[in-house]
Amino acid sequence: MKSISPLFSVSTAKSPIFYFSPISLRLSSVKFAAPLKINSPDKKKPCSKSAKTLSAAPRIDPITTTAASAPPKKVLVPIGFGTEEMEAVILADVLRRAGAEVTVASVEKQLEVEAYGGTRLVADTFISACSTEIFDLVALPGGMPGSARLRDCEVLQKITSRQAEEKRLYGAICAAPAVALLPWGLLKRKQTTCHPAFIDKISSFRAVKTNTQVSGELTTSRGPGTSFEFAICLVEQLFGEPVAREIGELLLMNPAGDDPKRQEFNEVGWSLDRTPQVLIPIANGSEEIEVVTLIDILRRAKVNVVVASVEKSAQVLASSGTKIVADKLINATSDSIFDLIILPGGTAAAERLHKSKILKKLLKEQESAGRIFGAICSSPAVLQKQGLIKDKKATAHPAVLDKLKDGVNDAQVVIDGKLITSQGLATAIQFALAIVSKLFGHARARSVAEGLVYQYPRS
């Protein structure tokens, strides 16, 4: 099987190893226990090429790839209380970008589910509605107690067991392989990886420490920090190597061998003598990967994060169809003081954030008071429009970088004094960890990265 090069470097080991460099959730050490059979559409009619510019459409933003001349691949992503939100959202988003019809199903008695890091996600349907469906892939996110909630769902167990019996693709990440698939008997004779905290539950003869492991129809992975490579590996099995390579590029995943690059100008300290208060405003069309990654990582670092909707409703529909419920409406924050305000991206959302009078007021006060603020993806252009970047260095998604006066195009994260910006999507983990390192130091950022199973940048 061809590797996904040049995005991936290929090991000369007996089993091919596909690798995305450690920065932005690359396909790191994807190992195949046996030659991989790709369940893909007609090779002569692959998924259509995606436009390499930011789309104005709010649902798949900034880039979308859709399958042509073939029925859509159907994917089930179940969620429960305590599901790891980065894993669930990255899986759904990346697979939708590749053209899959993804159903996010709740195993709870309600559609709204509070995830591991406190993000409130709204499922598309209940798992009971999926009991007779045929899926091309069933992919279980991890997290605790989320993995146990999935394990205890009889409907999901039957769906996944049927998937394995009928030789269709199934997978799990983080705690889910050990906590759910193992007691269901779905790891027999399968080489398996999972989060380091749970690897001792798997037979030492079958346990492996690769970031993503393919064994027949089963694919497993280690944690939030390997979610992108897990998702891309599943895209390759569903749609083939060309689509997987293209999606990896569109997600701004780093080429193999490249180190993550962060540039800092006019360095100043960000440390505080209290718990940092951070505002993350969201809107319809926000990039769910960026929203959820920021929330999850900052809360892991013990930051008090407030998610505020600039819409009339607390619930927003993100760019790839994920429904997220904010903590409050932006009106309720108008008199609050935040140590840091971060704008997630998404073309449609950036426009809606720009039009929010309350957010504009908060950002102006933030800059005037010398407090920290920043943006990722398309949203640095919002700061530019509001005159908040001025003569500072910044970066943004390649499609909007030329809108910045002093745009930096060769770094995933750029810090200039108390302004921080990033390119978007797959650079969101590095962006969030850079914020943690500035607020608390490298030791805490490295500790958070370890829990994510993410290689903290060397520099």
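Select Glu217 and Lys190 to begin: their side chains meet in a salt bridge, with N and O 3.7 Å apart. A salt bridge here is a side-chain nitrogen of Lys or Arg within 4 Å of a carboxyl oxygen of Asp or Glu. The pair links distant parts of the chain, 27 residues apart. Glu217 sits in the loop between strand 11 (212-215) and strand 12 (218-221), and Lys190 in the loop between helix 4 (176-181) and strand 11. Helices (H or I, at least four residues) and strands (E, at least two) are DSSP runs numbered from the N terminus. Lys190 counts as buried at 15% relative accessibility. Buried means under 20% relative accessible area, exposed over 50%, and partly exposed in between, with a 1.4 Å probe and protein chains only.

This is a predicted model, in which local features need pLDDT of at least 70 and side-chain atom pairs count only at pLDDT 80 or more, while totals for chains, interfaces and linings use all residues. Residues are numbered from 1 along each chain as its sequence is written, and side-chain values use heavy atoms, with hydrogens and water left out.

Next, select Arg97 and Glu287. They form a salt bridge whose closest N and O atoms are 2.9 Å apart. This pair also links distant parts of the chain, 190 residues apart: Arg97 belongs to helix 1 (residues 85-97), and Glu287 to the loop between strand 14 (277-282) and helix 7 (288-300). Arg97 is buried, with a relative accessible area of 2%, and Glu287 is buried at 0%.

Move on to Lys323 and Asp124, whose side chains meet in a salt bridge (3.0 Å, N to O). Lys323 lies in strand 17 (residues 323-325) and Asp124 in the loop between strand 7 (120-122) and strand 8 (125-126), so the pair ties together parts 199 residues apart in sequence. Asp124 is partly exposed, with a relative accessible area of 32%.

Now select Glu84, Asp296 and Arg300 together; a network of salt bridges links them. In the whole structure, a search finds 24 salt bridges.

Finally, show the whole chain. It has 12 helices and 22 strands. Of its 459 residues, 61% are buried. Among contacts (heavy atoms within 4.5 Å) between residues at least 6 apart in sequence, 71% join residues at least 24 apart. Switch to a surface view: the accessible surface comes to about 17,300 Å², and 50% of it belongs to carbon and sulfur atoms. Accessible areas come from the Shrake-Rupley method with a 1.4 Å probe; for residues, only the protein chains shown count as cover.
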